[in-house]
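Please read the following account with the sequence and the 3D structure open side by side. The paragraphs go through sheets, helix packing and a few backbone details in turn.

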Amino acid sequence: MTTLDHDHDLHSLRERMRHSAAHVMADAVLQLFPDAKLGIGPSTDDGFYYDFEVSRAFTPEDLEAIEERISETIAGDLPFVYEEISLADAKAMFSDQTYKLEIIDELPPDEVISVYRHGDFVDLCRGPHVDSTAQISACKLLNIAGAYWRGDEKRPMLQRIYGTAFESGEALDEYLERLEEAQRRDHRRLARELDLLSFHEEYGPGLVYWHPKGGRVRSIIEDFWRREHYRAGYDLVYSPHVGKSTIWETSGHLDFYAENMYSPMDVDGQDYYVKPMNCPFHVQIYKSSLRSYRELPMRLGELGTVYRYERSGVLHGLLRVRGFTQDDAHIFCRPGQVADEIGRCVDFMQFFLRSFGFQDFHVYLSTRNEGGKFAGSLEDWDMATGTLRDVIQSRGLPYDVDEGGAVFYGPKIDVKMVDALGREWQCTTIQFDFNLPERFDVTYIGEDGNEHRPYMVHRALLGSIERFFGVLIEHYAGAFPTWLAPVQAVVIPIADRHLDFAQAVSDRLRESDIRVDVDGRSERMNAKIRHAQLNKVPFMLVVGDKEIDSDSVSVRLRDGQDLGPKPVSEVMGLIQEAVDSRV
């Protein structure tokens, strides 16, 4: 068996095991709460969950009792039995289960209705499952959360119990250790502890307030982004934050994307919308004058802030917000330039992600839905998909094909970067667009003197500044490399009489563009060092009588290393070396 086959079989086993564990958990809940109403209980990438409506809130003690019942059912080695039933039987079987009846009522007339049984428990389900409860080898309930029925905040709030299951106790223990480490790295907690940013639900959920330290890191990221884009031949632009309804009608957003847009505002009797995308504005910049083939490729980039309505139940720190800044770019090019431009995008992606410390990534190629509607011609799609595939393969990047996964306006490459815990995060997207050029009648004058339609490529490297920043925090556990750290060094005077010298050292470092603070608080030196370590400052520079006499500082690193006294000029070189090496 190949490694790929083994991975596929293991994934399939875990999926069936976790789906089965969700049923066993629902069974346990009904044993303890006979009046409970059952929602749904699918498997997930890392485990499973089930939604319940019960008369009171679940407690940690309830989870322990549910786990005990689960263990008893697993030990009972009860077979999972598949059965097909009629619509009438299904309604009778679940007559006291409101949410199951709603699902049944929405089934197509020709749908085969199936259930799975184990012991006295039966659930509406297509499967698949393991053969018996004894095959759920290692199971653990994790936490409780609220979840609106069908994800609709206008529907009842149910209680969702999350759990996980693995093929062995060792695999479960490894996962729980990774989960504990992920919780220690949670960007929401670290952002608060490190004073990087905040959220204020009372004034609008999903909106980020950047504090000075977080703003400093963001400015470093954005300055790097701008510099490298100029070097790569991009022209950077700025576009409006709102647009009249006509631009969104022409682009198709009001037809296909309205549920993710905010309500319009009336301006002089006209509807204006805050932008969910930058692309229609970039098209207008391109169309502002007649374009020649000699001007192509035209690469327009923007750090453009957009606003999209997300249901409150899916908001998650920086990873899912309502206002965010895309590192957006749109490339207009001739057919003969497409392969080179896509290759440049993929190379640019690798350079950017590696610059920020991400060495591993996985690529996904999304192709046309054979049975669905699509913009452009079949020839366009075949050329674009082939180009994307050729570029991926020429770079030797591992990739999966998402057959039929492309949206109607063009095939795309999605890139997921792998963090320090081995988790994948969606970041780069390289997307062909055959839709907007047609809708806005985008053209250029070719060598033959006639109008031609350019190819348009959407491209985001980081995805959004907010999401990327959240991933960075978790990847580095808040201990940013020196080049990104909001404070690169803190000068720590041992006593108040050393404060003037500490300030003088700080001034010298600041003149060399080193981000430095002075800890002038009336605390003991060890407390100041501890404070700097908790704030994950890369360099701590301690000054006292000896350091003043020798015009030096005693250097400590945030990992606990004590480098001893060094001349200030040498320390400046050490910090610059760390910045240059991006460590």
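In this predicted model, three strands, in the order S11-S13-S12, make up an open sheet with antiparallel pairing. Strand S11 (242–244) and S12 are at the edges; each has a single partner strand, so one side of each has no neighbour in the sheet. From one strand to the next, the twist averages 40 degrees. S11 and S13 run antiparallel and are joined by three bridges. Within this pairing, Val 242 is placed opposite Val 274 in S13.

A backbone detail belongs to this part of the chain. The loop between strand S12 (265–267) and strand S13 (270–274) contains Asp 268. This residue is not a glycine, yet its phi is positive, at about 55 degrees. Is Asp 268 buried or exposed? Its relative accessibility is 77%, and because residues over 50% are classed as exposed, Asp 268 counts as exposed.

A second open sheet has eight strands, in the order S10-S14-S15-S22-S19-S18-S16-S17, and its pairing is mixed. Its edge strands are strand S10 (235–236) and strand S17 (399–402), each of which pairs on one side only. Within the sheet, strand S19 (residues 424–433) and strand S22 (residues 455–460) run antiparallel, with five bridges between them. Gln 431 has His 458 in S22 as its bridge partner.

Helix H7 (residues 212–231) lies across S10, strand S14 (298–307), strand S15 (323–333) and S22. The direction of H7 is at about 160 degrees to S14. Helix H12 (residues 378–394) also packs on the sheet, where it touches strand S16 (361–366), S17, strand S18 (412–418), S19 and S22. The direction of H12 makes about 165 degrees with that of S16.

Two packed helices are described by the angle between their axes and the distance between the axes.

H12 packs with helix H11 (residues 338–355); their axes come within 9 Å and cross at roughly 45 degrees. H11 and H12 are therefore oblique to each other, and their crossing is right-handed. Which residues make the contact? On H11 they are Val 338, Ala 339, Ile 342, Gly 343 and Val 346, and on H12 they are Met 383, Thr 387, Leu 388 and Val 391. Sorted by class, the contact of H11 with H12 has seven nonpolar residues, two polar residues and no charged ones.

H7 in turn packs with H14: the two axes come within 11 Å and cross at roughly 110 degrees. This makes H7 roughly perpendicular to H14. The crossing in which H7 passes H14 is right-handed. From H7, the residues Gly 214, Val 217, Arg 218, Ile 221 and Glu 222 meet Ile 465, Glu 466, Phe 469 and Leu 472 of H14. The contact of H7 with H14 has five nonpolar, one polar and three charged residues.

Another pair consists of helix H15 (residues 499–511) and helix H18 (residues 568–581), which pack at an angle of about 45 degrees with their axes 11 Å apart. H15 and H18 are therefore oblique to each other, and H15 passes H18 in a right-handed crossing. Here Val 505, Arg 508 and Leu 509 of H15 meet Val 568, Ser 569, Met 572 and Ile 575 of H18. By class, the contact of H15 with H18 has five nonpolar residues, one polar and one charged.

Where is Ala 477 placed? Ala 477 is in the loop between helix H14 (465–476) and strand S23 (489–493). The phi of Ala 477 is near 55 degrees, a positive value in a residue other than glycine.

There are also cis peptide bonds to look at. One joins Gly 127 and Pro 128, with omega about 0 degrees. Pro 128 sits in the loop between strand S5 (121–124) and strand S6 (138–148). Another cis bond runs from Leu 296 to Pro 297, and its omega is near 5 degrees. Pro 297 is in the loop between helix H10 (279–286) and S14.

Conventions: Residues are numbered from 1 along each chain as its sequence is written. This is a predicted model: local features need pLDDT of at least 70, side-chain atom pairs count only at pLDDT 80 or more; totals for chains, interfaces and linings use all residues. Side-chain values use heavy atoms; hydrogens and water are left out. Two strands pair if DSSP finds at least two bridges between them. Helices (H or I, at least four residues) and strands (E, at least two) are DSSP runs, numbered from the N terminus. Contact means heavy atoms within 4.5 Å. Axes are lines fitted to C-alpha atoms, for helices over the stretch in contact, and angles run from 0 to 180 degrees between N-to-C directions. Angles under 35 degrees count as roughly parallel, over 145 as roughly antiparallel, 65 to 115 as roughly perpendicular and the rest as oblique. A crossing is left-handed if the near helix is turned anticlockwise from the far one by less than a right angle, and right-handed if clockwise. Ala, Val, Leu, Ile, Met, Phe, Trp, Tyr, Cys and Pro count as nonpolar, Asp, Glu, Lys and Arg as charged, and the others, Gly among them, as polar. Buried means under 20% relative accessible area, exposed over 50%, partly exposed in between (1.4 Å probe, protein chains only).
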